[in-house]
2 protein chains.
Amino acid sequence: MNGHNNTEQAILEAAESLFFEKGYKLATTTAIAARAGVTHAMLHYYFRTKEQIFLKVLDKNMNELFDMMHTVMSPELTFSEILVEVVNLNYTFLAGHSQLPGLLFEIAGTCPEMLTRYKERFREMLDVELRRHRDRFEREVKAGTISPIDPFQLVFMIVSMNLSTYLALPVMRNVFGMDEDRITAFIEERRGEIMRTLSARLFGNDFSERQTEKK
Amino acid sequence: MNGHNNTEQAILEAAESLFFEKGYKLATTTAIAARAGVTHAMLHYYFRTKEQIFLKVLDKNMNELFDMMHTVMSPELTFSEILVEVVNLNYTFLAGHSQLPGLLFEIAGTCPEMLTRYKERFREMLDVELRRHRDRFEREVKAGTISPIDPFQLVFMIVSMNLSTYLALPVMRNVFGMDEDRITAFIEERRGEIMRTLSARLFGNDFSERQTEKK
DNA sequence: TTATTGTTTAACAGCATTGTTAAATCATTG
DNA sequence: CAATGATTTAACAATGCTGTTAAACAATAA
């Protein structure tokens, strides 16, 4: 009655984990039902279709994604703070949603209609929120405190660097045979390397050096 | 008789394009047969199973991939040349194999056994070929001509930056609604940005500037 | 108790998938 | 031409998938 139905919740959780593991098309309703410990008819009773379940799961994750992005884009942050925030928060978010990017890539490639409902929010993100920082950004470029760079390229660079780390994990595990300890180490080394690279690109030096210089 | 059987070739070509479009699991033998213009029984006659067809297609592409990597790793090239070569050649290769990375990610995640046969070659690539450059690389670091960086991190950075460009295309097209002209422009802008970023990380400045300085 | 409502089960329909097989067709060679 | 082998077809088997439905079950309220 209260929307926290046991079965419904079990189905949603099973669905989420399976969608993350197998992708949208390959996660079967039968398998979801089995993992949730109910007959597969139940999940048609509660959600009607597989697509409905997926949209519920997707929506939850997309809201978390947009929340994270809004935090990062917060107008209170200075540009330099944003840089650190973006990398760290985005990285932390990915640690808890390491399978989301892969799923989104699948959807974007095979059934982009399911992402249509988020197009407007994406656009707003880039057009409105990013533009809000653009002036300050370009002032810094003019003043010579950061190297010239197209803001869109910068955003793309940051996001793609972070994503790459997590997208590569299955390859690291299954092709290069890394164990979980090595994986953890890799993720941290990579975070440092991303910071150093971005810092070199924008400030022409190592960011940690820059931090200490400042005092 | 000569291995250039018409039907066989048609099936292989249809299979390759469909595997690239839909991925391994979602490309059905029936659809492959339809695209090749033969009945689906034909492709069992020629290849026995779907997996066999896939392995044929995969093998062809992996050989091209390793050829490219060997060229890049060629011992005749100096480290600075390699940097330019790696980015450009790797980028060119991706232009002609833009769907291969996605397919490999799927396989690495869902049925890594199919990649086992290439593990040895990957390992040799990293252990032998990369090591061959390591000494020279570390001399340059010691001499201060390039910034200190872990060779593996560098390779990962280069490859992941290039891959990101192509992996993002479906998102750019279907979510951000870029048309093909915009896509082409994006790919070129991105190549420039990758060069500038790597150059800043390694040499502390813009690579094109460095090129002109040198004369 | 009985009626009502919400939940669960089991069986089924319809379809798509991979792979098989027996027979038909085609090409080549003696 | 005839016969041998390679190729192609059409029909079929077996399985798994999504989604439906009628009936069983449980909880609750009259």
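A residue is called buried when its relative accessible area is under 20%, exposed when it is over 50%, and partly exposed in between (1.4 Å probe, protein chains only). By this criterion A:Leu58, at a relative accessible area of 2%, is buried. The model is predicted: local features need pLDDT of at least 70, side-chain atom pairs count only at pLDDT 80 or more, and totals for chains, interfaces and linings use all residues. Residues are numbered from 1 along each chain as its sequence is written, chains are lettered from A and ligands numbered from 1 in the order in which they are written, and side-chain values use heavy atoms, with hydrogens and water left out.

A:Leu58 sits in helix 4 (residues 50-72) of chain A; helices (H or I, at least four residues) are DSSP runs numbered from the N terminus. Beyond its neighbours within four places in sequence, A:Leu58 is in contact (heavy atoms within 4.5 Å) with A:Leu104, A:Met114, A:Leu115 and A:Tyr118.

Chain A is superposed on chain B by a rotation of 180° with 0.0 Å of shift along its axis, at an RMSD of 0.1 Å. The two copies are thus related as by a two-fold rotation axis. The superposition is by least squares on the C-alpha atoms of residues with pLDDT of at least 70 in both copies. Of the interface residues of chain A, 100% are also interface residues in chain B, so the copies meet through the same surface.

DNA strand D is surrounded by 15 residues, the closest being A:Thr29, A:His40, A:Lys50, B:Met42 and B:Tyr46; a residue is near the strand if one of its heavy atoms lies within 4 Å of it. Helix 3 of chain B gives the largest share of this surface, four residues.

Polar contacts are pairs of N or O atoms within 3.5 Å.

| Residue | Distance to phosphate oxygen |
|---|---|
| B:Thr7 | 3.1 Å |
| B:Tyr45 | 3.2 Å |
| B:Tyr46 | 2.9 Å |

Over all chains, zero disulfides (pairs of cysteine sulfur atoms within 2.5 Å) are found. A:Cys111 is in no disulfide, and the nearest cysteine sulfur, that of B:Cys111, is 20 Å away, too far for a bond. A:Cys111 is buried at 7% relative accessibility, and B:Cys111 is buried at 8%.

How values were computed:
Helices (H or I, at least four residues) and strands (E, at least two) are DSSP runs, numbered from the N terminus. A polar contact is a pair of N or O atoms within 3.5 Å; within protein, one must be able to donate a hydrogen and the other to accept it, and residues adjacent in sequence count only if both atoms are side-chain atoms.
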